[in-house]
Amino acid sequence: MTASTASLAATSATALGRGGNMAPVERDEIADAKALLPGGVLGGNALPEDLRFVYSHGAGPRFWDASGNEYIDYVLGSGTLFLGHAPQAIAKAVADQAARGLHFFAYLNEPAVVLARRLQPLLPCAERIRFTTSGSESTFHAIRLARGFTGKSKILKFEGAYHGTHDYAQLSTSPKTLANFPSPVPDTAGIPREVQDLMLVAPYNDIDTFASLIAEHAHELAAVIVEPIQRIISPVPGFLEAVRELTAKHGVVMILDEVVTGFRYALGGAQEYFGITPDLATYGKIIGGGLPVGAVAGRADIMDQADPGKKGTPAYVYQNGTLQGHMLGSAAGLATLDVLEQPGVYTNVFAMADKLRAGLQEVFDRHDMGITVFGEGPMWHALFSDKVPQNYRDTAATDLKKLAAFECEMFRNGIFLLPNNRRFISITHTDAELEQTFAAADRACRTFKN
């Protein structure tokens with residue numbers, strides 16, 4: 001950290017975070033949320049009572065709460081805001097399209113056709129594309145397509161992978177008990193035993209165990225679904241190649257879940273970045289610039305099962321949704337591609353992420369925190385550990401409660417992290433945000449150790 005940037009961090013970083021400032025309007029909104037919403041939240045995550053806030057607005061890599069407090073954001077709409085908050089290109093595209101119409105139902109519309117035309121040559125597996133409205137919907141339909149195509153019922157996933165909210169996905173994502181492979185552990189109440197019986201679970205990055213399981217169960221296995229970078233864990237050399245080779249060998253559909261990696265690692269996503277072409281790939285809101293747009297892309301012979309001209313035949317796989325190919329999201333997706341296709345975008349964001357990881361590691365080492373910072377490309381994470389994890393059980397063996405407590409201290413200093421989850425960096429983060437982040441981390445370490 002240079003003298004000038006250190007001075008900047010010391011002065012401007014102190015303005016980040018709540019600092020005891022909660023306006024009456026935000027206090028009332030939080031109180032109303034507790035009375036109106038389960039747990040007082042909109043989804044499955046809740047911060048400690050003293051850290052709860054209400055988003056007001058965002059710009060680039062920052063957002064403000066309803067009390068006017070400022071934060072640097074590494075959650076970024078769960079990663080969907082790769083272009084940062086409120087990018088002008090997307091705002092203009094959405095406004096222009098809104099003036100022409102908001103929604104016409106899932107027939108053809110111009111923005112969706114143009115977006116499909118733009119996406120098809122970018123995605124190596126995309127002989128056909130079917131739009132959805134979310135990543136969860138995409139993985140659900142990809143699984144159904146694989147079952148329809150193969151006539152088999154079981155699906156194999158990897159322990160610790162998140163593939164959405166539907167019953168087939170909510171197994172062994174974050175199991176509190178570690179069952180013997182390939183038995184799944186439900187992540188939520190309400191999943192029928194019969195669904196559990198249709199799922200197999202393997203350890204991520206373990207080629208030998210995976211090879212054994214797929215050979216044993218190939219006769220009943222419709223698909224293997226895999227995150228190319230599983231939450232915070234990168235694939236070891238040869239792992240994704242082995243998944244591709246063995247699924248093809250045994251006649252099992254390979255589904256690459258690119259909801260997180262799609263367009264983040266390259267215009268062609270993880271398929272381009274790792275050089276892997278699956279049978280099907282799934283995408284989420286990042287392709288719609290953060291709006292509710294997802295997609296399933298893949299081989300024509302598998303995807304064409306969803307052709308409505310096949311209704312009434314055994315070969316038909318139903319796939320539909322009122323908001324599929326939504327025009328506002330498609331317009332935002334086109335604007336997103338315009339930005340990501342500009343020279344140097346990926347080079348710059350990868351370099352910024354490398355600087356972020358290195359700078360945080362230097363801060364943590366200086367305070368002897370025992371934290372390892374790791375990640376690949378525009379994603380990063382940190383654990384109280386002396387090694388980089390290779391699977392879910394490596395992560396689960398670390399002190400996650402201590403990590404969550406430290407991450408709360410980071411948030412008190414104005415750095416927003418999703419506790420115990422992966423973090424993102426947008427193309428709008430600059431050296432200024434990084435220096436403020438390092439200064440905030442320094443303060444958090446001092447407080448946490450006292």
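Trainee: How far is the backbone oxygen of L102 from a polar atom in the side chain of H326, and what makes a pair of atoms a polar contact?

Mentor: The two atoms are 3.2 Å apart. A polar contact is a pair of N or O atoms within 3.5 Å; within protein, one must be able to donate a hydrogen and the other to accept it, and residues adjacent in sequence count only if both atoms are side-chain atoms. At 3.2 Å, the pair is therefore within that distance. This is a predicted model, in which local features need pLDDT of at least 70 and side-chain atom pairs count only at pLDDT 80 or more, while totals for chains, interfaces and linings use all residues. Residues are numbered from 1 along each chain as its sequence is written, and side-chain values use heavy atoms, with hydrogens and water left out.

Trainee: Why is H326 called buried?

Mentor: H326 has 18% relative accessibility, and buried means under 20% relative accessible area (exposed is over 50%, partly exposed in between; 1.4 Å probe, protein chains only). H326 therefore counts as buried. Beyond residues up to four places away in sequence, H326 touches L102 and H103, where contact means heavy atoms within 4.5 Å.

Trainee: Where is H326?

Mentor: H326 sits in the loop between α10 (300-303) and α11 (327-340). Helices (H or I, at least four residues) and strands (E, at least two) are DSSP runs, numbered from the N terminus.

Trainee: What about N109: buried or exposed?

Mentor: The relative accessible area of N109 is 9%, so N109 is buried. N109 lies in the loop between α3 and α4. The N109 side chain reaches the backbone oxygen of G325 at 2.8 Å.

Trainee: At what angle do α3 and α11 pack, and which hand does their crossing have?

Mentor: Helix α3 (residues 88-98) and α11 pack at about 145°, with axes 8 Å apart. Axes are lines fitted to C-alpha atoms, for helices over the stretch in contact, and angles run from 0 to 180 degrees between N-to-C directions. The crossing is right-handed: a crossing is left-handed if the near helix is turned anticlockwise from the far one by less than a right angle, and right-handed if clockwise.

Trainee: How many nonpolar residues does the contact of α3 with α11 have?

Mentor: That contact has 11 nonpolar, two polar and no charged residues. Ala, Val, Leu, Ile, Met, Phe, Trp, Tyr, Cys and Pro count as nonpolar, Asp, Glu, Lys and Arg as charged, and the others, Gly among them, as polar.

Trainee: And what are the angle and hand for α4 with α11?

Mentor: Helix α4 (residues 110-119) packs against α11 at about 35°, with axes 8 Å apart, and this crossing is left-handed. Residues including V114, L115 and R118 of α4 meet residues including A331, L334 and D338 of α11. By class, there are nine nonpolar, two polar and two charged residues.

Trainee: Which residues touch the most other members of the largest nonpolar core?

Mentor: Of its 89 residues, L156, F158, V224, V226, F263, F364 and F406 do. A nonpolar core is a set of buried Ala, Val, Leu, Ile, Met, Phe, Trp, Tyr and Cys residues joined through side-chain atoms within 4.5 Å. Helix α12 (residues 345-366) gives this core the most, 10 residues.

Trainee: How do you know that R231 is buried?

Mentor: The relative accessible area of R231 is 15%, so R231 is buried. R231 is in the loop between β7 (221-226) and α8 (239-249). The side chains of R231 and E227 are joined by a polar contact of 2.6 Å.

Trainee: Is A86 buried or exposed?

Mentor: A86 has 59% relative accessibility and therefore counts as exposed. A86 lies in the loop between β3 (70-73) and α3.

Trainee: Which bond is cis?

Mentor: The peptide bond joining F181 and P182 is cis, with omega about 10°. P182 is in the loop between β5 (154-158) and α6 (193-196).
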